[in-house]
Amino acid sequence: AMAAIARGSLPLITRNLLRAVPPCRRFASERPYFPNPVEIPPQEVAIQGLYRPSNIFVQHNAGSKFILLNRPSALNALDLGMIQDLHNTYKEAEGDESVFLYLLYGAGEKAFCAGGDVAKVAKLGPAPLGKPAPQMEFFAAEYALNHFIGTMHSKRQISMLRGYTMGGGAGLSMHGHVRIATSDSVFAMPETALGFFPDVGASYFLTRITKSRPGLAMHIALTGRRLNASEMFGCGLATHYTRMGQIPGMFDRFESLYDYDDVLLANILDEFVEPAPGEHDALGRQQEAIARCFGPAQASVDAVLAALKAEAAGGGEHAEWAADSLALMAKASPTSLAVTHELIRRAAASTPQNFTLSRALQIDYRLARRFIAGGDFYEGVRAILVDKDRRPAWRPAPSPAEVAEYFEPLPKGEKELLL
């Protein structure tokens, strides 16, 4: 599998939405033999009717499943089929006591997963409330998968965050147990620049992971700032850091073991990981200014912008950072900024008992339904992903009352998310 990854792609099929390679249960001392992934010509697929193409490759090892996101030409962006195949893979292994560990990796050299395929979602066009909204099948499936990953108790997940981890890729990895960054890792939640909001339970994981650093969740969510590996490790979004050359050996070790527990898992990780280079953690050095400008004292987007302008005008050591943050927010949808600010504010102010992962995802579903009803989401996708003119014509900023409506229960006739 590692050799195939190095080549950048694996053409695969799955049978009945399950796996490309049959389960292999052998002792750790016996190196399992895995046949090469199979590719069936499209015409043969049509004749047999038993297979369908999949962008998910699953290799069953002695005590683990190796799961490859295999869509490198699209930076491994998730479409509905990939989400369904992933969820089926997890559910299939749920009752299998021989499987303790999932290892997630992205094909190619550029991305773990750059998000959900929102361009495909947007192609369906606006779906006003009360009208059919086939787009919501994608969000319901994605959020159910996020919830499944985040509530696993008997199994562990390791995500190798090589290259870009954004949006939906964060939903796959941040709810898991181990998140390993490497030198080329980049993390971002860029949804406000697309006329959307940081979903996939981001309000939950951002406020929980960065709870000791006031304002950081709000900063990441509003600006869509890209974090490097050192910044990811410094704030906890990455639990570990390793050098690129260590990845094959680490994965080989995990793939070959039969019996796992948390102690063994930690010991193996310790053999391959190291502290991330601290000199590249600009985010950590900016924390004091982040708290001033994005902390709880800034009760609105306007207050955040005013604080950033004051910071930039002051000419201190964080003036450039403040100017950069203003520039990022200037590109974003005013509606997205307002809704995102309220989402993160509510999450940060809640207790863990009142704001669970399921609650966060149910709120995300309500917000997503209202965003796909029309407006800035479609304009953002057009300007950034389709026409790529990067000149979206955003709607004016909503009033506080209009923002509050996004969080209300969906009207009669609309389905809420059930988890």
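Residues are numbered from 1 along each chain as its sequence is written. Because the model is predicted, local features need pLDDT of at least 70 and side-chain atom pairs count only at pLDDT 80 or more, while totals for chains, interfaces and linings use all residues; side-chain values rest on heavy atoms, with hydrogens and water left out.

Start with the whole chain. Its secondary structure comprises 19 helices and 12 strands. These are DSSP runs numbered from the N terminus: helices are H or I with at least four residues, strands are E with at least two. The chain has 419 residues, and 55% of them are buried. Buried means under 20% relative accessible area, exposed means over 50%, and partly exposed lies in between (1.4 Å probe, protein chains only). The accessible surface is about 18,000 Å², with 54% belonging to carbon and sulfur atoms. Such areas come from the Shrake-Rupley method with a 1.4 Å probe; for residues, only the protein chains shown count as cover. Take contacts (heavy atoms within 4.5 Å) between residues at least 6 apart in sequence: 75% of them join residues at least 24 apart.

Now the largest pocket. Rolling a probe the size of a water molecule over the atoms shows where empty space is left. Here the largest pocket holds about 1,200 Å³ of space. A pocket is an open set of points on a 1 Å grid over the protein atoms alone, where a 1.4 Å probe fits, with protein on both sides within 12 Å along at least five of seven lines; lining residues have an atom within 4 Å of a point. Points are joined across faces, edges and corners, and the volume is the space filled by probe spheres set on them.

The lining of this pocket counts 41 residues. Met166, Pro190, Leu194, Ile384 and Leu385 lie nearest the centre. By class, the lining has 24 nonpolar, eight polar and nine charged residues. Nonpolar covers Ala, Val, Leu, Ile, Met, Phe, Trp, Tyr, Cys and Pro; charged covers Asp, Glu, Lys and Arg; the others, Gly among them, are polar. Several elements each supply at least two lining residues, including strand S8 (164-166), helix H8 (216-223) and helix H18 (376-386). Helix H5 (136-150) is another, and H5 gives the largest share, three residues.

Follow H5 to Leu145. Leu145 is buried because its relative accessible area is 1%. Beyond its neighbours within four places in sequence, Leu145 is in contact with Ile83, Leu86, His87, Tyr90 and Leu172. Its C-alpha atom is 9.3 Å from that of Val200, 55 residues apart along the chain.

Val200 sits in the loop between strand S10 (186-188) and helix H7 (202-209). With a relative accessible area of 0%, Val200 is buried. Most residues other than glycine have a negative phi. Val200 has a positive one, near 50°. Lys388 also has a positive phi, near 60°. Lys388 lies in the loop between H18 and helix H19 (400-406). At 57% relative accessibility, Lys388 is exposed.

Helix H15 (residues 319-330) holds Ser325. Ser325 counts as buried because its relative accessibility is 2%. Neighbours within four places aside, Ser325 is in contact with His219, Thr223, Phe294 and Leu308.

Last, the cysteines. The structure holds zero disulfides, a disulfide being a pair of cysteine sulfur atoms within 2.5 Å. Cys235 is buried at 5% relative accessible area, and Cys293 is buried at 1%.
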